[in-house]
Amino acid sequence: MITRLNVASIYVLDKEAALDFYVNKLGLEKGNDVRQGDYRWLTIRVPGQPEVEVSLEQPGPPLHDAATAEALRELITKGALGGLVFITNDARELFATLKARGVTDFTMEPTDHFYGTDMGLRDPFGNPIRILQQGKATPKP
Amino acid sequence: MTRDAEDLNRRLLRARDAMDRTYAEPLDVPAVAAVAYVSPAHFSRSFRAVFGETPHRYLQRRRVERSMFLLRETERSVTHICLDVGFSSLGTFSRTFRQIVGETPSAYRRGHGPIVAPHCVQLAAMRPRLTAAETRRSSSFGEAVLAAPA
């Protein structure tokens with residue numbers, strides 16, 4: 001049987017810019033950073049959860065031919081590809097922290113639901129990110 | 001696709017996000033176009049080329065989706081819900097709702113209860129699809145049909 005999720009991947013337009021956003025803005029940490037010829041195996045992960053990594057993949061050779069890479073880049077920038085969902089212990093505090101770090105592309109400010117409080121944003125390329133504080137929502141002030 | 005086109009996509013996506021975020025406010029084309037750094041004259045055409053429908057129609061379907069949510073999840077009156085989601089006229093709301101959903105807000109409320117799914121899933125998946133008639137009208141922008149999640 002499968003026992004856990006190890007690596008998931010997202011497409012980004014630029015690995016270095018993605019690393020800067022996910023580490024310096026969002027607060028994740030760099031996982032693997034291995035070069036094999038022209039290819040760079042680059043992952044990010046949540047601090048304290050080393051067993052799950054998100055691989056940052058850039059459309060282009062050797063993964064894709066030129067036309068496929070162009071199609072993927074178009075879909076990324078239209079926000080049409082899948083994204084990531086993270087868990088936080090305090091959505092509103094994190095929202096303030098992210099704003100202070102210069103994050104502007106919020107798709108939803110922290111909002112209470114029956115399952116908790118969540119917020120939405122996009123990475124610099126268009127990928128959607130949700131961040132959820134699980135549990136009964138904190139009462140609105 | 002050039003890098004310029006990718007940059008335009010990203011800016012138009014930002015404008016679309018702004019509509020999703022501030023649908024309840026009075027929005028006009030110049031304000032939303034400004035989010036994308038596109039002139040109002042070019043905004044609607046560019047938006048339609050990228051997302052398959054006009055920004056006006058996108059916003060209407062977002063507002064109708066949010067009204068469907070409130071009809072399902074709350075007991076607020078149709079008139080209040082109309083204003084909650086950014087329509088200023090009950091007549092326009094009812095007509096638009098019926099055109100997009102195929103039934104009146106009250107009839108929709110009678111037939112539907114709360115949906116247990118995360119908010120982000122509802123926002124993405126419950127936005128009403130283009131009707132067959134709309135699809136034919138926008139046949140030169142076939143991706144609009146594909147954009148409706150299965």
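How much area do chain A and chain B bury between them, and what share of it is on carbon and sulfur atoms? The figure is about 1700 Å², with 49% on carbon and sulfur atoms; buried area here is the accessible area (1.4 Å probe) that two parts lose on being put together, summed over both. On the chain A side, A:E70, A:T77 and A:K78 lose the most area to chain B, together 32% of what that side buries.

A quick word on the ground rules. This is a predicted model, where local features need pLDDT of at least 70, side-chain atom pairs count only at pLDDT 80 or more, and totals for chains, interfaces and linings use all residues. Residues are numbered from 1 along each chain as its sequence is written, chains are lettered from A and ligands numbered from 1 in the order written, and side-chain values use heavy atoms, leaving out hydrogens and water.

Back to the interface: 21 residues of chain A are in contact with 18 residues of chain B (contact means heavy atoms within 4.5 Å). Between the two chains there are five salt bridges, each a side-chain nitrogen of Lys or Arg within 4 Å of a carboxyl oxygen of Asp or Glu. One salt bridge joins B:E6 and A:R73, at 2.7 Å from N to O.

Now the rings. The whole structure holds nine aromatic pairs over all chains. Rings of Phe, Tyr and Trp (its six-membered ring) pair if their centres lie within 6.5 Å; planes under 30 degrees apart are stacked, over 60 edge-to-face, and the rest tilted.

The chain A pair links distant parts of the chain, with A:F95 in helix α3 (residues 91–100) and A:F106 in strand β6 (residues 106–113), 11 residues apart. Helices (H or I, at least four residues) and strands (E, at least two) are DSSP runs, numbered from the N terminus. A:F95 is buried at 10% relative accessible area, and A:F106 is buried at 7%; buried means under 20%, exposed over 50%, partly exposed in between (1.4 Å probe, protein chains only).

In chain B, B:F47 and B:F51 both sit in helix α3 (residues 40–51), four residues apart, about one turn of the helix. B:F47 is buried at 0%, and B:F51 counts as buried at 10%. B:F43, B:F47, B:F51 and B:Y58 form one aromatic cluster.
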